[in-house]
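This report describes a ligand shell and the packing of the helices that contribute to it. The sequence and the structure are shown first.

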Amino acid sequence: MTAESPFVSDVPAVQALAAWREARAVAGCPARVEAVRVPVGDAVGRVTAEPVWATRSSPAFDSAGMDGIAVRAADTVGAAETTPVLLAPGGFEVVDTGDPLPPGYDAVVMREHVHHTADGSAELRAGVPPYQHVRSIGEDISAAELLLPQGHRLRPVDVAACAAAGATTLAVRRAPVVAIVPTGDEIRPIGAELAPGDILDTNSLMLAAQAREAGCEARVTEIVPDDPAAIAAMVRTAAADADLVLLIAGSSAGRDDYTARVVAETGSLAVHGVAVRPGHPVVLGTVGETPIVGVPGYPVSAALTFDIFAAPLLAELEGAAPHERPSAAARLARKLPSALGTDDWVRVRLGRVHDQVVATPLPRGAGVLTSLVRADGLLVVPAGLEGHHAGEEVRVELLRGLADIGRTIVAIGSHDLVLDLAASALRATDPLITLASSNVGSLGGLVALRDGLCHIAGSHLLDPATGEYTLSYVDKLFGPDVDVAVVRLVHRDQGLLVASGNPLGLTGIGDLTRPGLRYVNRQRGAGTRVLLDHELTRRGIDPAEVPGYAREEHTHLAVAAAIAAGRADTGLGILAAARAFGLDFVPVAQEPYDLVLRTRDLDSAQLRPLWTLLEQPDFQAEVEKLGGYSCAETGRRIR
Ligand SMILES: Nc1nc2c(c(=O)[nH]1)N[C@H]1C(S)=C(S)[C@@H](COP(=O)(O)OP(=O)(O)OC[C@H]3O[C@@H](n4cnc5c(N)ncnc54)[C@H](O)[C@@H]3O)O[C@H]1N2
Ligand code: MOO
């Protein structure tokens, strides 16, 4: 690879890590950070640099385990309710929990089992075995035992045990120092006034916090402009007193992307481009004796690059095992395509549907940081796979506890803004409730419900034969005997979304055959597409006559966005989507949008908060404020 090459050539992650390791060895990068001796009280979070041996037993003496009296067990033999034993003063001694056991005694009787008589004797109504309620010397720790191995990250319980075992100081690895260097002419510090095109330096904030969470000291430098000489100077300074440098952005092939060149010129470039996504343009190398990572600028790429490349190295520098997240099996809520040749890191929402965990993929863009914010888990589609089918079992790394996901409502089907509104309203009433919705179209939602992959399927499927919505599809898919309930969410207006002012003067479906028109359609299986097809058929129009019929978007908002950006002239969608993008709207039809579910879930604890919400007048008012919605039948069970 040449330093000048603008091309990022992706190597598999394992190979990249091996190449970087080799480069670090050649550059003489230390294998470990130094060991230091610190007071036990300061050692939490650090990693032991040598084994910890006990120099003291704990307890250091036989001690009373309870408040009461110390006795000789032999003196109590035969004591019973009917034949109490009296111990005269001098034949026992009062003790409190933790007191050394007085010499000559071998057991303790709890004070609530002792009757003191007027002459000061102690009356016992039960015999006691030797060593009852006595903590013997070394019960917890014996002097000379190995308490902790080397390479152990110290937790609060560990330092307490070390101190009890006689340690006042511990030999630990010092915290690795991570220097973070943000770059980019457009990057501004958090809190700065922003001009158009400016971007806040959120990556430094995140990476520094990730480094601290990993037990490191993080130092963020000034933001360096896109000037290779300035970046090189800052990298040299940062590397001089850091154990790892994270150089943010400029990792790919743009005109101002200098990271690979700077690393090659100031040190050695081991890897430029790894077959992982997000994060593929990552740069790995060394500067002096310090490892450096060129972290891609997109926030999701930056976060994952830290996890995949920086965190394992930092753990190794401390001599500790890398942090591993627990994982669980889950079934995919919908199809997950993935490019061959790269490890695809997909963020997922998790929910429990009946007795299985279901994973719903979140948006995949490397700039969509909220996909990580909302993620309950991470799933890696390995380079050798072209993805997974809906319903396929996958292994998911957990970012949240499985117990926490128990209250997630999994919704799959057609997209509607009312579901988004409900998700945020539910969260406001109880932070533990999540409504995770995934848009695969009405038909896809019904299939997912049939296959046990969701709690509710949002549907607005018109049956052109009957003019009825959804019910006939439910019958067809589930058969008449399966207990499926249908609850009305809303009625909504569907119409043609057009640019503000309706510049083409469209009046309805009949105008869609105009030559040169750029229509944008919804995907097959979407209720809106079924509606379009029905309206076309009614007018005897062949879909092939609609220019743009084959062009597909997956949500109302995506259709509206395409029109707002001037990439299309019109598409069928809901009024609320037109409003959200400042578009005009030519009404075509009013349709019901329903929630389909298993009857047994109508009364489940997971779904109950949703039904309560739908009844609320405040919520209904919010919905109608979106425009184009009627709540006249909201919450009514129609099957
Ligand atoms: N022709 C190619 N273009 C791109 C490729 C490629 O292989 N060939 N890779 C794409 C991928 S994938 C990624 S990821 C990005 C990586 O970009 P860079 O590391 O070069 O970063 P920039 O282009 O400078 O910035 C990308 C994006 O991130 C924002 N950014 C930068 N620094 C920060 C920061 N500190 N805090 C928050 N956000 C930051 C920056 O403003 C840009 O919006 O390249 C693709 N392109
Ligand atoms: O690989 Mo980039 O990091 O997808 O966004």
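## Ligand shell and helix packing

Helix 3 gives the largest share of the shell around ligand 1, 3 residues. The model is predicted: local features need pLDDT of at least 70, side-chain atom pairs count only at pLDDT 80 or more, and totals for chains, interfaces and linings use all residues. Residues are numbered from 1 along each chain as its sequence is written, and chains are lettered from A and ligands numbered from 1 in the order in which they are written.

Ligand 1 is surrounded by 27 residues, and Asn-203, Ala-249, Ser-251, Ser-252 and Gly-297 are the closest. A residue counts here if its C-beta atom, placed from the backbone, lies within 6 Å of the ligand. Two or more shell residues come from each of helix 3 (202-213) and helix 6 (299-317). Helices (H or I, at least four residues) are DSSP runs, numbered from the N terminus.

The axes of these two helices, lines fitted to C-alpha atoms over the stretch in contact, with angles from 0 to 180 degrees between N-to-C directions, come within 10 Å and cross at roughly 20°. Helix 3 is therefore roughly parallel to helix 6, a term for angles under 35 degrees. The residues below form the contact (C-beta atoms, placed from the backbone, within 7 Å).

| Helix | Contact residues |
|---|---|
| Helix 3 | Thr-202, Asn-203, Met-206, Leu-207, Gln-210 |
| Helix 6 | Pro-299, Ala-302, Ala-303, Phe-306 |

By class, this contact has 6 nonpolar, 3 polar and no charged residues, whereas the ligand shell has 13 nonpolar, 11 polar and 3 charged. Ala, Val, Leu, Ile, Met, Phe, Trp, Tyr, Cys and Pro count as nonpolar, Asp, Glu, Lys and Arg as charged, and the others, Gly among them, as polar.

Technical notes
Angles under 35 degrees count as roughly parallel, over 145 as roughly antiparallel, 65 to 115 as roughly perpendicular and the rest as oblique. Two residues are in contact if their C-beta atoms, placed from the backbone, lie within 7 Å.
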